[in-house]
Amino acid sequence: MPDEKKPYYITTPIYYVNDRPHIGHCYTTTVADVAARFARLLGRDVFFLTGTDEHAEKVVTTARERGHSPQEWADINAAEFVKAFDLMSIDYDDFMRTSQERHKARASAYIKQLMDSGDIYLGDYKGWYDPSQEEYLTETVAKEHDFKSPVTGKPLEERVEKNYFFRLSKYEARLHEALAKGDAGEEGGCRILPDARRNEVLGRLKQGLHDVPVSRAVKEGDADWGILMPGDPTHRVYVWIEALCNYLSAVDNTAAPSTVDAEGDRSRYWPPAVHVMAKDILWFHAVVWPAMLMAMGRELPAVVYAHAYFVAEGRKMSKSLGNFIEIDRLEAYSEWVVESERKQAEKEGREARPMGIDPVRWYLATQGPLGANDADFAHAKFVEVYNADLANGIGNCASRVGNMIEKYFGGVVPEASATNQDTQLEGWWQAAGGRVQGAFAQFNLELCTHLGLLFVNEVDGYINDTRPFSMAKQIDEDGVRERLGHVLYNCAEAVRIASLLLFPALPNKMAELWRAWDCSPLHDPADPNSGFKASLDELAAWGGAWSLKPGQKITKGPALFMRASVDEAHPGA
RNA sequence: GGCGAGGUAGCUCAGCUGGUUUAGAGCGGCGGAUUCAUAACCCGCAGGUCGUGGGUUCAAGUCCCACUCUCGCCA
């Protein structure tokens with residue numbers, strides 16, 4: 001037992017609370033969840049943070065339109081995210097809401113520290129103001145519209161306003177250094193992944209850094225929403241800056257009130273192992289945030305991972321096309337009862353079961369835009385991947401192994417080979433199992449997951465080679481029963497080990513398998529979010545303490561994943 | 001406009017510093033074998049001008065140039 005578990009802190013962005021949860025939020029969060037589950041499986045002391053970003057001005061406006069206070073409106077929408085992540089089987093450790101006192105107090109303290117050190121100063125902000133919309137436009141947008149309001153067409157006003165700025169320019173050299181160290185994998189560095197994104201940041205960094213505004217002037221009649229600049233109630237902390245602070249505020253035990261008093265000491269989690277996000281907010285996370293941390297004398301996140309986007313049926317998702325894949329659509333998939341399951345259930349005289357959320361998680365985790373390129377969420381592809389990996393893969397394999405043990409050995413796990421005569425599967429695992437740690441260290445979740453699937457393929461091949469079903473026909477002949485037992489033990493043990501690697505992506509279904517096979521490595525077999533009883537190297541040791549024991553009962557149960565057909569009625573419409 | 005990535009089998013992609021063979025994998029498709037299993041699993045097949053045109057070299061998806069198309073980042 002490793003007595004010292006290395007902390008692993010992973011975060012998603014906190015999501016804009018005015019949004020409705022959609023596939024983008026779910027993707028980022030699922031990726032983080034899969035990573036967190038792998039980390040837990042590898043025996044790490046994991047802290048997984050997600051949450052909502054609530055202090056935008058738009059929240060005030062929308063709340064007013066709907067007849068709510070900003071807080072009420074934020075409560076309503078934050079609850080939607082909680083619900084969505086619940087649906088996705090996300091096992092986060094904390095859900096940070098920026099309107100919570102703990103965050104406001106700590107974030108405020110960070111800003112004050114930066115003001116005291118001179119890293120935040122009062123300066124002049126020059127910009128193009130659209131009086132009709134009461135907002136500033138960026139230089140680009142202003143130029144695009146010929147310095148006229150995009151809405152009313154009236155001329156924009158060039159305005160100067162007092163603003164607080166963060167001295168980003170001061171940290172240019174140190175940022176270069178930190179990113180270089182991150183590339184080299186050195187301690188204290190900050191690594192940007194994937195590489196294509198790192199290059200973009202580096203390229204932009206070369207053009208030099210300007211100080212960035214970190215406040216907005218408080219206007220007459222503004223709602224009391226957000227965090228005021230410490231010592232200056234005429235300015236509010238810009239939401240972006242404040243939002244970034246949540247990563248620190250969630251685990252900080254120095255600012256008041258510290259986590260020691262409120263949540264328990266979480267300081268061991270800093271710095272984060274990885275911030276996961278979509279590429280649009282990379283700059284803030286890879287440059288502004290690390291610079292702020294430097295200014296505060298804090299350690300930097302080890303990895304900043306910026307994935308690309310999901311598109312829908314080959315088309316970019318947009319409001320105008322109205323083709324956003326919202327949470328309801330993912331929920332519909334989880335409730336999909338495929339035809340083959342319906343028929344099978346009828347035959348067996350049981351209730352047909354929906355496929356659950358795991359197939360959606362699987363698709364997101366294995367087909368998602370983890371690299372620099374966008375990925376497609378298409379119904380036909382969903383069905384293809386579902387059939388190939390889940391129904392024909394782990395589902396079918398678990399089913400054929402379970403069936404043979406039930407049929408030939410009355411559902412009792414047979415004796416393992418004592419003679420070491422058959423090491424095909426065990427050998428495969430010994431060769432491949434070690435790759436999991438390395439792949440995880442590179443944040444290569446696809447490989448981690450894929451290794452589980454490869455092992456399942458190996459079992460399928462082994463069954464075809466050894467033909468236990470043929471042996472069963474001569475089971476009364478000398479030694480056949482014993483040999484058959486060995487073969488099936490190997491199959492079952494290999495499937496058990498594979499299921500460990502598949503668990504992070506398929507927590508519900510693998511937990512179901514473990515219940516059926518009476519071998520749950522979880523503290524509470526009924527709860528896929530309960531912790532592991534040991535770490536992977538122990539749990540997955542062939543014939544080790546956590547292996548299947550001869551004599552234990554295996555129940556075949558209904559198939560984990562029944563084949564779907566692109567032709568049948570589906571929830572994609 | 002500036003900087004960057006890339007165009008390889010129907011689809012998604014591997015192919016590092018040029019020469020292991022007739023350019024690979026997965027999925028789909030096609031054919032075969034098998035029956036423990038979910039029309040599944042296993043085995044075999046895909047003949048793709050490696051975006052276009054030049055060039056370097058004994059030898060180029062793999063280097064150079066031009067062109068073209070797609071995409072990303074930025075102002």
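Ala, Val, Leu, Ile, Met, Phe, Trp, Tyr, Cys and Pro count here as nonpolar, Asp, Glu, Lys and Arg as charged, and the others, Gly among them, as polar. The model is predicted, with local features needing pLDDT of at least 70, side-chain atom pairs counting only at pLDDT 80 or more, and totals for chains, interfaces and linings using all residues. Residues are numbered from 1 along each chain as its sequence is written.

**View 1. The second largest pocket.** A pocket is an open set of points on a 1 Å grid over the protein atoms alone, with protein on both sides within 12 Å along at least five of seven lines, and lining residues have an atom within 4 Å of a point. The volume is about 910 Å³, taken as the space filled by probe spheres set on the points, which are joined across faces, edges and corners. Of the 30 lining residues, Lys6, Arg44, Ala273, Ala302 and Val303 lie nearest the centre of this pocket. The lining comprises 17 nonpolar, six polar and seven charged residues. Domain 1 (8-312) and domain 2 (362-539) each contribute at least three residues to the lining, the bounds coming from an automatic or database domain assignment.

**View 2. The second largest cavity.** A cavity is a set of grid points where a 1.4 Å probe fits but cannot get out. This one has a volume of about 40 Å³. Arg37, Arg40 and Asp91 are among its lining residues, as are Phe503 and Phe532. Because domain 1 (8-312) and domain 2 (362-539) both give residues to the lining, the second largest cavity lies between them.

**View 3. The largest cavity.** Its volume is about 80 Å³. The lining includes Trp336, Arg353, Tyr386 and Lys509, and divides into nine nonpolar, no polar and three charged residues.

Note on methods:
Chains lettered and ligands numbered in written order. Heavy atoms only, no water.
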